[in-house]
Amino acid sequence: MRGIAAMTRNPLIVALFLTLAIAGCANKKTPNNAADLGLAGGAATPGSAKDFTVNVGDRIFFDTDSSVIRADAQGILTRQAQWLNQYRQYAIVIEGHADERGTREYNIALGARRAAATRDFLAARGVNASRMKTISYGKERPVAVCDDISCWSQNRRAVTTLSGAGS
Amino acid sequence: MKRFFQAMLTAAALTLGVNAVAVLPAHALVEIDVNKGNIEPLPIAVTDFLSSDALGAEITGVIAADLQRSGLFAPIDKGAFIEKISNPDAAPRFEDWKVINAQALVTGRVTQEADGRLRAEFRLWDTFAGEQLLGEQFFANKANARRIAHIIADAIYERLTGEKGYFDTRIVYIDESGPKNQRVKRLAIMDQDGANVRYLSNGKAIVLTPRFSPTRQEITYMSYEGGEPRVYLLQIETGQRELVGNFPGMTFAPRFSPDGQKVIMSLLREDGNSNIFAMDLRSRTTTRLTNSNSIDTSPSYSPDGSRVVFTSDRGGQPQIYVMGADGSGQTRISFGGGSYSTPVWSPRGDLIAFTKQTGGEFQIGVMRIDGSGERILSTGFQQEGPTWAPNGRYIMFFREAAGSGGPKLYSIDLTGRNEQPVPTQNYGSDPAWSPLLE
């Protein structure tokens, strides 16, 4: 599919696609995808960056001071790998982040370790390592800003970001 | 630093012809024993330096504020003064100062030389012994009036405590502005009392952990410019920047060696762990110091350069380790329960300052270099990043109180009783104290 414009000629296909997209969202009740983080703005074209973020889930979360890929994250990363293996036009940057409950330099290292663990998991499921780069932001880029565990648990994350689309 | 300031400042001893001598009396009554456990601040009268404008009072205000913040001195309110100093070349009426319990007295004068430079003279008096303890004069550009004040405060501190001062120093730190999830971070430098703030980066890239060179007007820091987080060198006066080394991965947590010739830092490995390397800035050769499957970071040299203290989580959580400067004999020294990080070796060589996390709180503390004698100086919701004043008596760090929105800078002395906020225009973090300026 090239995009919404190509599909609108057939109302039936549009209706079918929307139904699937909504069902897909409804099935994901964990906080581990961007739809639940308020990033969703409706249906996304399969193969688009939005499709990846909304329907696959671009981020996983970690336990305190840990870079172990949790069981709930393994499902997301497995879906990420399937999607990335289907849409090979994207280069991938994996961002590793830490919550604020650690000191600055250690958290930079911790974020790097989380990014590497995520990269290695994807590589083990067939994503070509040469497509993937990692970067650590330590605790410099929180997404949730409050002073308790509800925010810290959202900030301990690795985010798989896409670049080089359409190339 | 020497090269930059040499031309600006000259000092000379002042002697008084009348009835006092500038020779340091061995029997002076007024002295502070800084090694006593509970220090009673010394009452001192700092009189406005005679001057034709407001500069005299301005300079003495800076001196009194420095002395007050040290916790070792209690400047007396000017309203209590009896004698009005009209001739700073003559001995004061000691009785007038003893009556208000001023154990030490500072007098002085500021004048302008024919070439436009300022001339500041001051004398320090022991009122109970009835003698002069110090008499000196300084020349400087008018723009450096505050520096003169800090230098005089250092001279007073040193004469009365017997240890080096720390007022003529600067702080490099990270200025933080904007909301927490879009924070703008800029490199900034200021005097240790918060005056003369100057920005050294434009805020477009994240900058972190600046550290002073012990020997030059230079800092090393980490920047995300160009999307690659790496360690840089920056010449403070020229703004000239340079990448430290050409490593395949991220470099971070830089610090200079005591001779200023090396930068020690962490290098990210392909497997996600981080090890410690030292890079010689002249030969550009790098030496690996650690090779563990763990996070090894925050290295800091001992003042003689023979050892390095660092953070490692090789034992399961971050703890403090010491090793030889060649990487030999890596030994854990922190065993107090909780996790420890950001170790910094004292300029005196006897203590290591650290951040400790325990019971959901962050603490700033010190321990001896074998890990014994741990003392917690400050406990808070979120605080970290100690840096030592060059005399090894004061520590600066940053703290973010719960719900406060951002971090601010604080200083604390080794007793833990004298904590002071360090004023900054915006939020501030990652402070690093300079050596004494020259």
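On a 1 Å grid over the protein atoms alone, a pocket is an open set of points with protein on both sides within 12 Å along at least five of seven lines, a cavity is a set where a 1.4 Å probe fits but cannot get out, and a lining residue has an atom within 4 Å of a point.

A word on the ground rules. This is a predicted model, where local features need pLDDT of at least 70 and side-chain atom pairs count only at pLDDT 80 or more, while totals for chains, interfaces and linings use all residues. Residues are numbered from 1 along each chain as its sequence is written, chains are lettered from A and ligands numbered from 1 in the order in which they are written, and side-chain values use heavy atoms, with hydrogens and water left out.

## The two chains

Chain A carries six helices and four strands; helices (H or I, at least four residues) and strands (E, at least two) are DSSP runs, numbered from the N terminus. Reading from the N terminus, its elements go α-α-α-β-α-β-α-β-α-β. Chain B has four helices and 30 strands. Its radius of gyration is 23 Å, close to the 22 Å that the globule rule gives for 438 residues, so chain B is as compact as a globular protein of that length. That radius is taken over C-alpha atoms, and the rule is 2.2 Å times the number of residues to the power 0.38. Along the principal axes, the C-alpha atoms of chain B fill a box of roughly 75 × 45 × 45 Å.

How much of each chain is buried? Buried means under 20% relative accessible area, with exposed over 50% and partly exposed in between (1.4 Å probe, protein chains only). In chain B, 59% of the 438 residues count as buried; in chain A, buried residues make up 50% of 167. As for surface, chain B exposes about 16900 Å², with carbon and sulfur atoms supplying 48% of it. Chain A exposes about 7500 Å², and there carbon and sulfur atoms supply 58%. These areas come from the Shrake-Rupley method with a 1.4 Å probe, and for residues only the protein chains shown count as cover.

A contact means heavy atoms within 4.5 Å. Among contacts in chain A between residues at least 6 apart in sequence, 70% join residues at least 24 apart. In chain B, residues 24 or more positions apart account for 48% of the contacts with a separation of 6 or more.

One bit of chain A deserves a look: helix 3 (residues 49–57). Seven of its nine residues are buried, so helix 3 is largely enclosed by the rest of the structure. Among the buried ones are Asp51(A), Phe52(A) and Val54(A).

## Pockets and cavities

Volumes below are the space filled by probe spheres set on the grid points, which are joined across faces, edges and corners.

| Space | Volume |
|---|---|
| Largest pocket | about 690 Å³ |
| Second largest pocket | about 450 Å³ |
| Largest cavity | about 290 Å³ |
| Second largest cavity | about 130 Å³ |

Back to the largest pocket: strands 10, 14 (251–256), 18 (296–301), 22, 26 and 30 of chain B each give two or more residues to its lining. That lining has 17 nonpolar, eight polar and four charged residues. Here Ala, Val, Leu, Ile, Met, Phe, Trp, Tyr, Cys and Pro count as nonpolar, Asp, Glu, Lys and Arg as charged, and the others, Gly among them, as polar.

The second largest pocket takes residues from both chains. Of its 22 lining residues, the closest to the centre are Thr134(A), Pro248(B), Gly249(B), Met250(B) and Leu268(B). Strand 3 (132–138) of chain A gives the largest share of this lining, five residues. The lining divides into eleven nonpolar, five polar and six charged.

How many cavities of 30 Å³ or more are there? The count comes to five. Of the 20 residues that line the largest cavity, Glu100(A), Arg104(A), Lys139(A), Lys180(B) and Glu400(B) are closest to its centre. By class, that lining has four nonpolar, four polar and twelve charged residues.
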